[in-house]
Amino acid sequence: MATTSIAVVDDRLFAAVLARADDALILGHRLSEWCGHAPMLEEDLALANIALDLIGQARLLYEYAATIENAGHTEDDYAYRRDPHQFRNILLVEQPNGDFAHTIIRQYLYSAFAHAFWQAMTSSADAALAAIAAKSVPESAYHLRHAAEWTIRLGDGTEESHRRAQDALDALFPYTGEMFAIPETETDLIVGGILADPATIRPAWTASLDRILAEAGLAKPQSTWMQSGGRRGRHSEHLGHLLAEMQILPRSYPGAIW
Amino acid sequence: MSTPQPTLRDRAWSAAAAVPDPELPMLTIAELGILRGVELVDRFVEVTITPTYSGCPAMAAIALDIERALHEAGIENTRIRLVLAPAWTTDWLTDEARAKLARNGIAPPGARGSNCLFDNTPVPCPRCESNATERIAEFGATACKSIWRCTACREPFDHFKCH
Ligand SMILES: [Zn+2]
């Protein structure tokens, strides 16, 4: 690749903001892969619109990260000029789209968390994060409603849609633990009221799952073993492929504008 | 009696306020609540705008349109400032904006008040005003709209979602 990668500073608030930006960017990019391929026109529009919202949230977070870092980097530098091990997104969002059921279940598991997370973040002691949270709450509410309705429709649909939804839930559930894990570097931020405490978010997430999965006739996996590593930059092979596709143009043609 | 000349700030406000939204051209950015302020800061005419949605792809176009409108009004040294707080909501749409949306076949958003995001308040048909309507899709041609149909007059229509 023609363009060199950037190095970023080691700062706790910066790292925490970057991690949330990475969650939104990677999931937004995944959803954008459906553009032109969704099972119906309405869903093509819906997934593209949700992708736009998420990439918009990512841009706001990257912009804020850039002001914290104060190293002259831009949102594009963070998106296009970091290598896989420098990304701090949770593993759930980088998982491949799979079939439509996989995409919807992944979206539901994330949205149920994101909606509760951004609601809690509106009272962050950090004014910039509280402002970004206030923008993200209504967006994530629509994302959650969309994904929840589809989870019910698939789970309570045909034998095949039910099987596919249950397969997706079984496959993706082990990736939900990372949403509630607290990296050592974030404990101070939580104590300081800058980051929401995941323990306060979990009840809303669990309540949503219990209600929606029951309505969908889907069984919540009982396994408690959880995947982890994304927040430390240890990713599945899928992220490398995703980034190769996302980054090839700016890496090959430095300074390209499109 | 002579009327006082409009100030530079007033002229700039008028020019910026008249800029149409690129995706809802029947509305101006002032009616939509995107235009937050026009001030003279240092030697600049500073126009403050706020995005409707985080990922609204129209913000860059809106900023360019404002620059052009100010330039055409003979105003130089302009700059655009983007603010996030307080977050834009559909409650900022003026009554005139809501009436214009309905006249253009787009059902305006309900009042945000309680929890409009999840309640099931009926969305009246902008053509025949029937409440016998149903949502076809959560997201329409733009992030701010959903797609509905009226079971009374059989017409599909866009709904500007409460936000
Ligand atoms: Zn009608």
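Predicted model: local features only at pLDDT ≥ 70, side-chain atom pairs only at ≥ 80, totals over all residues.

Student: Why is the pair F113(A) and F180(A) called edge-to-face?

Tutor: The ring centres are 5.5 Å apart and the planes stand at 90 degrees. Pairing needs centres within 6.5 Å, and edge-to-face needs planes over 60 degrees apart. Both conditions hold, so the pair is edge-to-face.

Student: What makes F113(A) and F180(A) a tie between parts of the chain?

Tutor: F113(A) lies in helix α5 of chain A, and F180(A) in the loop between α7 and α8 of chain A. These parts are 67 residues apart in sequence.

Student: Is F113(A) buried or exposed, and how do you know?

Tutor: Its relative accessible area is 8%. Buried means under 20%, so F113(A) is buried. F180(A), with 9%, is buried too.

Student: Why is the pair Y53(B) and W88(B) called tilted?

Tutor: The centres lie 6.4 Å apart, with planes at 45 degrees. Stacked needs under 30 degrees and edge-to-face over 60; the rest count as tilted. So this pair is tilted. Both Y53(B) and W88(B) are buried.

Student: What makes E138(B) and R145(A) a salt bridge?

Tutor: The N to O distance is 2.9 Å. The cut-off is 4 Å, so the pair qualifies. Between chain A and chain B the count is two salt bridges.

Student: Which element gives the most to the side of chain A that touches chain B?

Tutor: α6(A), with twelve residues.

Key: Residues numbered from 1 in each chain as written. Chains lettered and ligands numbered in written order. Heavy atoms only, no water. Salt bridge = Lys/Arg side-chain N within 4 Å of Asp/Glu carboxyl O. Helix = DSSP H or I, 4+ residues; strand = E, 2+ residues; numbered from the N terminus. Phe/Tyr/Trp six-rings, centres within 6.5 Å; stacked < 30°, edge-to-face > 60°. Buried < 20%, exposed > 50% of the residue type's maximum accessible area, 1.4 Å probe, protein only.
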